[in-house]
Amino acid sequence: MRTVIVTKAPARKGRRRVEHVPPARLAEILPTLAPGDLLYLDLTAFTAVEARSRLKQLLARNALFVGVIDPKGTVEDVPS
């Protein structure tokens, strides 16, 4: 299982199993993600419109686990 964070923030040392990917490379890495992989989307790396579009795109992939980094609390969590 891979864990990928799409963010503008620099990677922290010591997190060997977590990949940091800049937002510009999101389209490039999506095809490389396998079922069961975990992708976190840092909303501060996108405009509100871009974030909504990316979330819709990611949530359409059934076998991918998606997490959101939302320090501003802009996303309302709706139970599924």
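Colleague: Leaving aside neighbours within four places in sequence, which residues is Ala 45 in contact with?

Modeller: Contact means heavy atoms within 4.5 Å. Apart from neighbours within four places in sequence, Ala 45 is in contact with Thr 7, Lys 8 and Pro 23. This is a predicted model: local features need pLDDT of at least 70, side-chain atom pairs count only at pLDDT 80 or more, and totals for chains, interfaces and linings use all residues. Residues are numbered from 1 along each chain as its sequence is written, and side-chain values use heavy atoms, with hydrogens and water left out.

Colleague: Where does Ala 45 lie, and is Ala 45 buried or exposed?

Modeller: Helices (H or I, at least four residues) and strands (E, at least two) are DSSP runs, numbered from the N terminus. Ala 45 lies in the loop between strand 3 and helix 2. Buried means under 20% relative accessible area, exposed over 50%, partly exposed in between (1.4 Å probe, protein chains only). Ala 45 has 7% relative accessibility, so it counts as buried.

Colleague: What about Thr 7: where is it found?

Modeller: Thr 7 is in the loop between strand 1 (3-6) and strand 2 (18-21). Thr 7 counts as buried because its relative accessibility is 6%. Among the residues it touches, beyond four places in sequence, are Asp 42 and Ala 45.

Colleague: How do I read a nonpolar core?

Modeller: In soluble globular proteins, nonpolar side chains tend to be buried together. A nonpolar core is a set of buried Ala, Val, Leu, Ile, Met, Phe, Trp, Tyr and Cys residues joined through side-chain atoms within 4.5 Å. The largest one here has 16 residues, of which Leu 26, Leu 39 and Leu 41 touch the most other members. Strand 1, helix 1 (26-29), strand 3 (38-42) and helix 2 (48-59) each supply at least two residues of this core. Helix 2 gives the most, with 3 residues.

Colleague: Which residues of helix 2 are buried?

Modeller: An α-helix has 3.6 residues a turn, so residues three or four places apart point the same way. In helix 2 the buried residues are Ala 51, Leu 55 and Leu 58. They span an arc of only 70° around the axis (taken from the directions from the helix axis to the C-beta atoms), so they sit on the same side of helix 2. Their cover includes strand 3 and strand 4 (65-69).

Colleague: What does the face turned away from the buried side carry?

Modeller: That face of helix 2 carries the exposed residues Val 49, Arg 52 and Lys 56.
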